[in-house]
Amino acid sequence: MDLSSYYMDVHTIRQESIQLLSKGKRFADATQEKKNIPYFDIAYQGFASGSLDADAYSISLFVDRGLELLVAQSYSKKLGLYAERIGAINVVCLSSDAAARVKIQLKRLARPMYSNPPVHGARIVANIVRDPNLFDERKQEMELMAGRIKNVRRRLHENLSQKDERRSDWSCILKQIGMPSYTGLNKAQV
Ligand SMILES: Cc1ncc(COP(=O)(O)O)c(C=O)c1O
């Protein structure tokens, strides 16, 4: 990744990978310096480290610095609600006046697009996150899944390293975390 050019474009910071989290401080510096408003797209929270808080490290970092920001969340993976099409947009504002104005703008956007969104998925999310027992159960499941992903990565790395006659370096499989992997393979090699 060409980080120097990436830092130039900090309007959109995708948070699919915890690799970006470790670069969080530099993104926050660049965002502050350029007076940009960061937009996070977080769909896999909990699946990288197994912890919701650890995976939201970057967002907390920006909030702790007193920055305004937007966070788009999807509950498809987080709560296994793919077919419900449920997500949320959270906007952190520095004043209640700004928050009120942002709310008006969001309503203006939503009204012509979908007006009244389906509520079923939102109610499932609310039932789970408001019930400490159900929420804890889900957190444990996430830990389990994150562990399983790490295990699959270890096995994939082992198999690729053993079977690859060219003895390529497959350590990227272990260094990257979460569900997706950038293998560097081209179409023909796959
Ligand atoms: C980073 C990211 N944001 C958003 C989405 C879309 O989520 P949804 O299932 O809510 O459309 C995905 C889907 O995989 C994703 O990877």
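In which hand does α3 pass α5?

1. The structure is a predicted model, in which local features need pLDDT of at least 70, side-chain atom pairs count only at pLDDT 80 or more, and totals for chains, interfaces and linings use all residues. Residue numbers run from 1 along each chain as its sequence is written.

2. The crossing of α3 over α5 is right-handed (the near helix is turned clockwise from the far one by less than a right angle). Helix α3 spans residues 24–34 and helix α5 residues 57–64; their axes come within 10 Å and cross at roughly 40°. Axes are lines fitted to C-alpha atoms over the stretch in contact, with angles from 0 to 180 degrees between N-to-C directions. Helices are DSSP runs (H or I, at least four residues) numbered from the N terminus.

3. On the α3 side, G24, K25 and A28 make the contact, and on the α5 side Y57, S58, L61 and F62 (C-beta atoms, placed from the backbone, within 7 Å).

4. Helix α8 (residues 120–130) packs on helix α9 (residues 132–163) at about 95°, with the axes 5 Å apart. Helix α8 is therefore roughly perpendicular to α9 (65 to 115 degrees). Here N127, I128 and V129 of α8 meet L134, F135 and R138 of α9.

5. The largest nonpolar core has six residues: Y44, F47, A48, M142, A146 and I177. A second, separate core has five residues, among them I42, I59, L69 and V71. Such a core is a set of buried Ala, Val, Leu, Ile, Met, Phe, Trp, Tyr and Cys residues joined through C-beta atoms within 7 Å; buried denotes 20 or more other C-beta atoms within 10 Å of the residue's own, with C-beta atoms placed from the backbone.

Note on methods. A residue is buried if 20 or more other C-beta atoms lie within 10 Å of its own, exposed if 12 or fewer, and partly exposed in between; C-beta atoms are placed from the backbone. Helices (H or I, at least four residues) and strands (E, at least two) are DSSP runs, numbered from the N terminus. Two residues are in contact if their C-beta atoms, placed from the backbone, lie within 7 Å. Angles under 35 degrees count as roughly parallel, over 145 as roughly antiparallel, 65 to 115 as roughly perpendicular and the rest as oblique.
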